[in-house]
Amino acid sequence: HTVVAYQDIRVIVPTGNVALAKAGSGDVLAGLITGLLAQKLSPFKATLVACYLHGFIADEWIRRGQDFLSLTPSDIIELIPQALHQLRK
């Protein structure tokens, strides 16, 4: 899991798994944070939302029976709209 900290606040983000432990995955996370900052979320909220979404996509990947080694940064990007739709339900 990921720990997001700001001043005296620490939040453990409960999503994510080892499928994200590969080159390029962090770049996608940085892009998600930047996109949310551009939508006027605070840096702390943008980081929390991005980390949750990033991990949620990896968790869904595994729930669908995919191998954790096969998740690529491109897969993460492609699954963002679908994950947002699921989370908004």
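Q: What angle do α1 and α3 pack at, and how far apart are their axes?
A: About 30°, with the axes 8 Å apart, for α1 at residues 25-38 and α3 at residues 73-88. Axes here are lines fitted to C-alpha atoms, for helices over the stretch in contact, and angles run from 0 to 180 degrees between N-to-C directions. The helices (H or I, at least four residues) and strands (E, at least two) are DSSP runs, numbered from the N terminus.

Q: And where do the numbers come from?
A: It's a predicted model, where local features need pLDDT of at least 70 and side-chain atom pairs count only at pLDDT 80 or more, while totals for chains, interfaces and linings use all residues. Residues are numbered from 1 along each chain as its sequence is written, and side-chain values use heavy atoms, with hydrogens and water left out.

Q: Back to the helices. Is the crossing of α1 and α3 left-handed or right-handed?
A: Right-handed. The rule is that the near helix is turned clockwise from the far one for right-handed, or anticlockwise by less than a right angle for left-handed.

Q: Which residues meet there?
A: On the α1 side S25, V28 and L32, and on the α3 side P73, I76, I77 and I80, with contact meaning heavy atoms within 4.5 Å. That contact splits into six nonpolar residues, one polar and no charged. For the classes, Ala, Val, Leu, Ile, Met, Phe, Trp, Tyr, Cys and Pro are nonpolar, Asp, Glu, Lys and Arg are charged, and the others, Gly among them, are polar.

Q: OK, what about α1 against α2? What's the angle?
A: About 135°, with the axes 8 Å apart, and α1 and α2 are therefore oblique to each other. The crossing is right-handed.

Q: Which residues make that one?
A: S25, V28, L29, L32, I33, L36 and L37 from α1 meet P43, A46, T47, V49, A50, C51, L53 and H54 from α2. By class, the α1 and α2 contact has twelve nonpolar, three polar and no charged residues.

Q: And how do α2 and α3 cross?
A: Their axes come within 9 Å and cross at roughly 100°, so α2 and α3 are roughly perpendicular to each other. The α2 side of the contact is Y52, L53, H54, F56, I57, E60 and W61, and the α3 side is D75, I76, L79, I80, A83, L84, Q86 and L87. The classes there are eleven nonpolar, two polar and two charged.

Q: Switching topic: how many aromatic pairs turn up?
A: Two, from a search of the whole structure. In one of them, the rings of Y52 and F56 have centres 6.5 Å apart and planes at 15°, so that pair is stacked. The cut-offs: ring centres of Phe, Tyr and Trp (its six-membered ring) within 6.5 Å make a pair, planes under 30 degrees apart are stacked, over 60 edge-to-face, and the rest tilted.

Q: Where do Y52 and F56 lie?
A: Both are in α2 (residues 43-63), four residues apart, about one turn of the helix. Y52 is partly exposed at 34% relative accessibility, whereas F56 is buried at 11%. Buried means under 20% relative accessible area, exposed over 50%, and partly exposed in between (1.4 Å probe, protein chains only).

Q: Where are Q7 and K40?
A: Q7 lies in the loop between β1 (2-6) and β2 (9-13), and K40 in the loop between α1 and α2. Q7 is exposed at 63% relative accessibility, and K40 is exposed at 74%.

Q: Last one: what does V11 touch?
A: Not counting residues up to four places away in sequence, V11 touches T2, V3, V4, F44 and L48. V11 is in strand β2, and V11 and L48 are 37 residues apart in sequence but 8.2 Å apart in space, C-alpha to C-alpha.

Terms used
Angles under 35 degrees count as roughly parallel, over 145 as roughly antiparallel, 65 to 115 as roughly perpendicular and the rest as oblique.
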